[in-house]
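Morning, everyone. Please bring up the sequence and the model, and we'll walk through a few side chains.

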Amino acid sequence: MQTIKHHPSSVSPDYISSVYATRTLYKRLIKLNLRPDVVGMETQGFPFTLRMVDVLFPVAVVLVMVTLLTSVFTQTFIDHIDLDDMWPLSRSKLIFTKIGFSVVFAFAIYLVCLVLGFIGASMINGSSSLVAA
(Lines give C-alpha, C1' and ligand atoms only; values in the text may rest on other atoms or scores of the structure.)
Protein backbone atom coordinates (compact mmCIF):
# COMPACT_ATOMS: atom_id res chain seq x y z
CA MET A 1 0.00 0.00 0.00
CA GLN A 2 2.87 2.38 0.78
CA THR A 3 4.41 1.85 -2.65
CA ILE A 4 1.08 2.46 -4.36
CA LYS A 5 0.47 5.66 -2.36
CA HIS A 6 3.96 7.15 -2.75
CA HIS A 7 4.99 5.88 -6.22
CA PRO A 8 1.84 5.04 -8.20
CA SER A 9 3.58 5.41 -11.56
CA SER A 10 6.14 2.67 -10.79
CA VAL A 11 3.46 0.02 -10.17
CA SER A 12 1.37 -1.69 -12.84
CA PRO A 13 -2.39 -1.08 -12.85
CA ASP A 14 -3.07 -4.83 -12.55
CA TYR A 15 -1.01 -5.00 -9.38
CA ILE A 16 -2.84 -1.99 -7.92
CA SER A 17 -6.25 -3.53 -8.59
CA SER A 18 -5.05 -6.84 -7.12
CA VAL A 19 -3.88 -5.15 -3.92
CA TYR A 20 -7.16 -3.27 -3.51
CA ALA A 21 -9.21 -6.40 -4.20
CA THR A 22 -7.24 -8.36 -1.60
CA ARG A 23 -7.59 -5.51 0.90
CA THR A 24 -11.36 -5.39 0.35
CA LEU A 25 -11.60 -9.17 0.76
CA TYR A 26 -9.78 -9.11 4.08
CA LYS A 27 -11.84 -6.17 5.35
CA ARG A 28 -15.05 -8.11 4.64
CA LEU A 29 -13.68 -11.27 6.22
CA ILE A 30 -12.83 -9.29 9.35
CA LYS A 31 -16.37 -7.88 9.51
CA LEU A 32 -17.86 -11.38 9.11
CA ASN A 33 -15.30 -12.89 11.54
CA LEU A 34 -14.28 -15.52 8.96
CA ARG A 35 -10.93 -16.96 7.94
CA PRO A 36 -9.81 -16.79 4.30
CA ASP A 37 -10.07 -20.09 2.44
CA VAL A 38 -6.77 -20.06 0.61
CA VAL A 39 -5.58 -23.10 -1.32
CA GLY A 40 -2.27 -24.23 0.10
CA MET A 41 -2.89 -22.58 3.46
CA GLU A 42 -5.31 -25.08 5.02
CA THR A 43 -5.31 -25.06 8.80
CA GLN A 44 -8.03 -27.51 9.84
CA GLY A 45 -7.65 -31.28 10.20
CA PHE A 46 -9.19 -32.83 7.09
CA PRO A 47 -8.24 -30.12 4.56
CA PHE A 48 -4.71 -30.03 5.96
CA THR A 49 -4.43 -33.84 5.70
CA LEU A 50 -5.66 -33.79 2.11
CA ARG A 51 -3.07 -31.11 1.30
CA MET A 52 -0.39 -33.29 2.91
CA VAL A 53 -1.48 -36.22 0.73
CA ASP A 54 -1.21 -33.97 -2.32
CA VAL A 55 2.26 -32.74 -1.36
CA LEU A 56 3.79 -35.83 0.25
CA PHE A 57 2.63 -38.51 -2.20
CA PRO A 58 5.14 -37.67 -4.99
CA VAL A 59 7.95 -37.50 -2.44
CA ALA A 60 6.88 -40.79 -0.87
CA VAL A 61 6.84 -42.52 -4.26
CA VAL A 62 10.38 -41.37 -5.01
CA LEU A 63 11.60 -42.49 -1.57
CA VAL A 64 9.95 -45.88 -1.96
CA MET A 65 11.53 -46.32 -5.38
CA VAL A 66 14.98 -45.41 -4.06
CA THR A 67 14.57 -47.77 -1.11
CA LEU A 68 13.37 -50.61 -3.32
CA LEU A 69 16.13 -50.21 -5.85
CA THR A 70 18.76 -49.91 -3.16
CA SER A 71 17.60 -52.98 -1.29
CA VAL A 72 17.24 -55.07 -4.43
CA PHE A 73 20.43 -54.16 -6.27
CA THR A 74 22.88 -53.89 -3.40
CA GLN A 75 24.35 -56.76 -1.50
CA THR A 76 25.52 -56.82 2.07
CA PHE A 77 29.12 -57.90 2.56
CA ILE A 78 30.88 -58.40 5.89
CA ASP A 79 34.47 -59.68 5.82
CA HIS A 80 34.17 -60.58 2.13
CA ILE A 81 31.12 -62.78 2.83
CA ASP A 82 27.85 -62.06 1.01
CA LEU A 83 25.14 -62.17 3.69
CA ASP A 84 22.39 -62.51 1.09
CA ASP A 85 23.80 -65.90 0.07
CA MET A 86 23.59 -67.13 3.67
CA TRP A 87 19.81 -66.85 3.89
CA PRO A 88 17.92 -70.13 3.44
CA LEU A 89 15.80 -68.47 0.75
CA SER A 90 16.28 -68.39 -2.97
CA ARG A 91 17.51 -65.14 -4.47
CA SER A 92 14.08 -64.27 -5.92
CA LYS A 93 12.27 -64.91 -2.60
CA LEU A 94 14.82 -62.78 -0.80
CA ILE A 95 14.31 -59.93 -3.29
CA PHE A 96 10.51 -60.12 -2.93
CA THR A 97 10.85 -60.18 0.86
CA LYS A 98 13.03 -57.07 0.78
CA ILE A 99 10.62 -55.30 -1.59
CA GLY A 100 7.60 -56.24 0.55
CA PHE A 101 9.24 -55.05 3.75
CA SER A 102 10.34 -51.78 2.12
CA VAL A 103 6.85 -51.05 0.79
CA VAL A 104 5.18 -51.81 4.14
CA PHE A 105 7.74 -49.75 6.05
CA ALA A 106 7.43 -46.75 3.68
CA PHE A 107 3.62 -46.93 3.79
CA ALA A 108 3.70 -47.04 7.61
CA ILE A 109 5.92 -43.95 7.79
CA TYR A 110 3.65 -42.17 5.29
CA LEU A 111 0.56 -42.97 7.39
CA VAL A 112 2.27 -41.84 10.60
CA CYS A 113 3.09 -38.48 8.96
CA LEU A 114 -0.51 -38.05 7.82
CA VAL A 115 -1.97 -38.98 11.22
CA LEU A 116 0.41 -36.66 13.09
CA GLY A 117 -0.44 -33.80 10.69
CA PHE A 118 -4.17 -34.41 11.12
CA ILE A 119 -3.90 -34.53 14.92
CA GLY A 120 -1.79 -31.37 15.06
CA ALA A 121 -4.06 -29.39 12.73
CA SER A 122 -7.18 -30.66 14.52
CA MET A 123 -5.83 -29.67 17.93
CA ILE A 124 -5.05 -26.14 16.77
CA ASN A 125 -8.00 -25.26 14.51
CA GLY A 126 -10.49 -28.15 14.68
CA SER A 127 -10.99 -31.01 12.29
CA SER A 128 -13.55 -29.44 9.90
CA SER A 129 -15.36 -32.12 7.90
CA LEU A 130 -14.72 -34.26 4.87
CA VAL A 131 -17.53 -32.50 3.01
CA ALA A 132 -15.88 -29.09 3.48
CA ALA A 133 -12.47 -30.48 2.60
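Is Phe57 buried, partly exposed or exposed? Keep in mind that this is a predicted model. Phe57 has 49% relative accessibility, so the label is partly exposed. The cut-off for exposed is over 50%.

A nonpolar surface patch is formed by Val53, Phe57, Val61, Met65 and Leu69. Together they have about 430 Å² of accessible area. Val53 sits in helix α3, which covers residues 45-73. Val53 is partly exposed, because its relative accessibility is 32%.

Next, the aromatic rings. How many aromatic pairs are there? The count is two. Take Phe57 and Tyr110. Their ring centres are 6.5 Å apart and their planes meet at 65°, so this pair is edge-to-face. Phe57 belongs to helix α3 and Tyr110 to helix α4, residues 91-125. So the pair ties together parts that lie 53 residues apart in sequence. What about cover? Tyr110 counts as buried, because its relative accessibility is 13%. Phe57, as we said, is partly exposed.

Then there is Phe101 with Phe105. This aromatic pair is stacked. The rings are 6.0 Å centre to centre, with 15° between the planes. Both residues lie in helix α4, four residues apart, so about one helical turn separates them. Phe101 is exposed, because its relative accessibility is 59%. Phe105 comes in at 48%, so it counts as partly exposed.

The Phe101 and Phe105 pair is stacked. That's my tour.

Technical notes. Residues are numbered from 1 along each chain as its sequence is written. This is a predicted model: local features need pLDDT of at least 70, side-chain atom pairs count only at pLDDT 80 or more; totals for chains, interfaces and linings use all residues. Side-chain values use heavy atoms; hydrogens and water are left out. Patches are made of residues with over 30% relative accessible area and no salt bridge: like charges are joined within 9 Å, nonpolar side chains (Val, Leu, Ile, Met, Phe, Trp, Tyr) within 5 Å. Accessible areas come from the Shrake-Rupley method with a 1.4 Å probe; for residues, only the protein chains shown count as cover. A salt bridge is a side-chain nitrogen of Lys or Arg within 4 Å of a carboxyl oxygen of Asp or Glu. Helices (H or I, at least four residues) and strands (E, at least two) are DSSP runs, numbered from the N terminus. Buried means under 20% relative accessible area, exposed over 50%, partly exposed in between (1.4 Å probe, protein chains only). Rings of Phe, Tyr and Trp (its six-membered ring) pair if their centres lie within 6.5 Å; planes under 30 degrees apart count as stacked, over 60 as edge-to-face and the rest as tilted.
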